[in-house]
Amino acid sequence: MAAARRDGEHARIESVLLVANPASRRGARSIRAAMQAFSQLNVACDLMVTEHKGHAIELLATTRSHAYDAIFALGGDGTAVEIISALSPNGPPVGVLPGGTGNLLARALGIPLNVSRAVRTLVRGSEATVDLGRLADGTRFVIGAGVGIDASMIAGTSQAWKRRAGVLAYVVAGAAHVLRRRRFTATVTVDGDVVTSTAAVVLVANFGVLLNGLVTLGAGIRPDDGKLDVCIFDPVTTLDVARITYKLLFRDFRPDPAMIYMRGEQVEVQTEPPLPAQADGELIGITPFFAAVEPLAARLLVPDCQINRQ
């Protein structure tokens, strides 16, 4: 995992609670695969099925979560974030299984995208403690929140297209935004310091490495440092777009006129005009939005090989 703090190998996992969203992209098939994988590992598994947004939080509120060695989330990123939020900061560790469209959190953690493999990897893996972001209404996020291309990808992607095309649906919607070159004026306040700039994207990042290490948002962005990192990207020309893309893919973070970075504990993002914003792949409304860091608030199961990866 990109820069996660190692807490050491977790104790042997013998019993788990699987909280699953059957309405996610892979639905019942993924639930069967997960249950079978736990059985093959001789791990006792109880199942709870969510019925609507927010239901995972309701279920965990009435469950003795500490009776289990770990809680596993199976569904989209929204399901995983609900469970992580509900168990923060003193609950058992959470294993994120890929059952949604983008599986952004599983990809950021380097978790296999095959459910059976993911179960085996996490049961035999390690534990990391990471920061969370918190919005003004108390909603938490794990990866990041933002406005611009990332939110446009979500707002511009229908549920039917997401079910058919998976993560490709987000890529197509994002590419359409890039081609239109929509820019806006962003005023970003970080711990009292204010920057105003034109932008195509403003991202408040907790994780800096995404998509199984394919994309690195900036230098030194860690999910365990008690800080949130603001990335402001403002490509004007096609050359700017190509240069930023190269930098994100090849970790080249020398100063660039189209890239601004800030770091702090509290962030407010305002835009003109007001625009849709997202957090961990879920639309959260229209700007402005506020975010604060909750240091080391979440316990996650991660693959062994990801612990020390930068």
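**Close-ups of a predicted model**

**View 1. L283 sits in strand 18, which spans residues 282–286.** This is a predicted model, so local features need pLDDT of at least 70 and side-chain atom pairs count only at pLDDT 80 or more, while totals for chains, interfaces and linings use all residues. Residues are numbered from 1 along each chain as its sequence is written, and side-chain values use heavy atoms, with hydrogens and water left out. Strands (E, at least two residues) and helices (H or I, at least four) are DSSP runs, numbered from the N terminus. L283 has 42% relative accessibility and counts as partly exposed; the scale here is buried under 20% relative accessible area, exposed over 50%, partly exposed in between (1.4 Å probe, protein chains only). A145 is 138 residues away from L283 along the chain, yet their C-alpha atoms are separated by 9.4 Å.

**View 2. E294 is a buried residue of strand 19.** Its relative accessible area comes out at 13%. Leaving aside residues up to four places away in sequence, E294 touches S88, D131, L132, R134 and R140 (contact means heavy atoms within 4.5 Å).

**View 3. Helix 5, residues 115–123, and its buried residues.** V115, A118, V119, L122 and V123 are the buried ones. They all fall on the same side of helix 5, because they cover an arc of only 120 degrees around the axis; that arc is taken from the directions from the helix axis to the C-beta atoms. Among the elements covering them are helix 1 (27–40), strand 4 (70–75), strand 5 (94–98) and strand 19.

**View 4. The structure holds 1 cavity of 30 Å³ or more.** A cavity is a set of points on a 1 Å grid over the protein atoms alone where a 1.4 Å probe fits but cannot get out, and lining residues have an atom within 4 Å of a point. Grid points are joined across faces, edges and corners, and the volume is the space filled by probe spheres set on the points. For the largest cavity that gives about 50 Å³. Its lining includes I84, L87, S88, P89, V94 and R299. Helix 3 (77–87) and strand 19 (289–302) each supply at least two lining residues, and strand 19 gives the most, with 3.

Definitions and conventions:
1 Å grid on protein atoms, 1.4 Å probe; cavity = no way out; pocket = protein on both sides within 12 Å on 5 of 7 lines; lining within 4 Å.
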